[in-house]
Amino acid sequence: MRFFRKLFGFYINSSIHVALSVYALVQLTQILFSISNDFATSYFAFFGTIVGYNFVKYDALARTKKVQMSLQLKGIAFLSFLSLIATGYYFLQLEKTAKIIGFVFLAITLLYTLPFFPNKKNARNWAGFKIYIVALCWVGVTLFLPIINNSLPLTSYMFLVAAQRFILIFVLILIFEIIDLRLDDPHLKTVSQQIGVVKTKRVGVTLMVLFVLLEFLSTDFRIEFFALKSALAITTILFLLFSNENRSRYYASFWVESIPIFWWLFLVVFG
């Protein structure tokens with residue numbers, strides 16, 4: 001049992017689970033826009049997420065703290081190195097315009113993590129910006145990247161999906177902010193820090209209602225998609241309403257991040 005607990009901890013801490021969530025959203029994009037056999041964007045997003053998230057989480061530890069690396073951290077570093085190689089390989093498989101998009105989001109990740117100017121904080125510490133940067137990156141990688149890589153036209157439906165996905169990611173991050181409220185630096189000025197937990201939940205519920213209502217603007221409205229997105233919204237709202245500062249670390253890092261995965265698997269099995 002102890003071995004499996006450590007293995008599960010490595011699975012979460014090494015960002016494999018969040019990478020699988022990103023992969024699931026890329027697959028959802030491919031289903032929604034009838035894209036087939038585009039392995040490059042799927043695996044670029046998966047391995048790139050492992051590299052990016054681990055870089056964000058462990059960069060400060062590696063650069064500023066002289067601590068002896070545990071076996072798990074060494075494993076995470078090795079996995080990140082292999083993922084970096086895989087990311088580079090699949091990056092080369094992308095179309096030219098998609099490479100530019102991929103590079104842009106790499107630059108955003110670096111800006112998010114590294115202080116480029118002396119005595120200045122990185123973008124991660126810019127008050128109130130974190131949630132928008134992360135949501136933007138997720139939408140760019142999981143939606144725009146596969147669409148551009150397959151030279152699909154930018155339609156009104158695509159922007160509708162982009163708005164819905166931004167809302168979904170935004171609300172999922174709100175759950176993380178509520179759970180991490182006691183741990184986050186007060187200077188981050190997260191949504192929950194600025195307006196409180198109760199109002200944050202109200203904002204999240206309102207956004208998820210908007211998420212569902214936007215489906216009526218679709219030029220290809222289908223009742224099965226509406227029902228599925230309604231179920232997705234209800235699930236997300238429930239996780240939001242039951243979130244609090246005393247929740248287990250796995251409440252968000254596993255269960256909340258599993259929502260896109262379950263959404264994708266549902267479409268695969270029943271779609």
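Colleague: Which residues in α1 meet which in α2?
Modeller: Phe10, Tyr11 and Ile12 are the α1 side, and they meet Ile16, His17 and Leu20 in α2. Bear in mind that this is a predicted model.

Colleague: How do the residues of that contact divide into nonpolar, polar and charged?
Modeller: Five are nonpolar and one is polar. No charged residue takes part in the contact of α1 with α2.

Colleague: And at what angle do the two helices pack?
Modeller: About 55°, with the axes 4 Å apart. Helix α1 covers residues 2-13, and helix α2 covers residues 16-32. The angle makes α1 oblique to α2.

Colleague: Switching to the surface. Which residues form the nonpolar patch?
Modeller: Val209, Leu210, Leu213, Phe216, Phe221 and Ile223. Together they have about 560 Å² of accessible area.

Colleague: Which helix gives the largest share of the patch?
Modeller: Helix α9, residues 197-213, with three residues.

Colleague: Where does Phe216 lie?
Modeller: Phe216 is in the loop between α9 and α10, the latter being 223-241.

Colleague: How many salt bridges does the count come to?
Modeller: One. Glu215 pairs with Lys229, and their closest N and O atoms are 3.0 Å apart.

Methods
Residues numbered from 1 in each chain as written. Predicted model: local features only at pLDDT ≥ 70, side-chain atom pairs only at ≥ 80, totals over all residues. Heavy atoms only, no water. Axes fitted to C-alpha atoms, helices over the stretch in contact; angles between N-to-C directions. Parallel < 35°, antiparallel > 145°, perpendicular 65-115°, else oblique. Contact = heavy atoms within 4.5 Å. Nonpolar A, V, L, I, M, F, W, Y, C, P; charged D, E, K, R; others polar. Patch = residues over 30% accessible without salt bridge, like charges linked within 9 Å, V, L, I, M, F, W, Y side chains within 5 Å. Areas by Shrake-Rupley, 256 points an atom, 1.4 Å probe, with all protein chains shown as cover. Salt bridge = Lys/Arg side-chain N within 4 Å of Asp/Glu carboxyl O.
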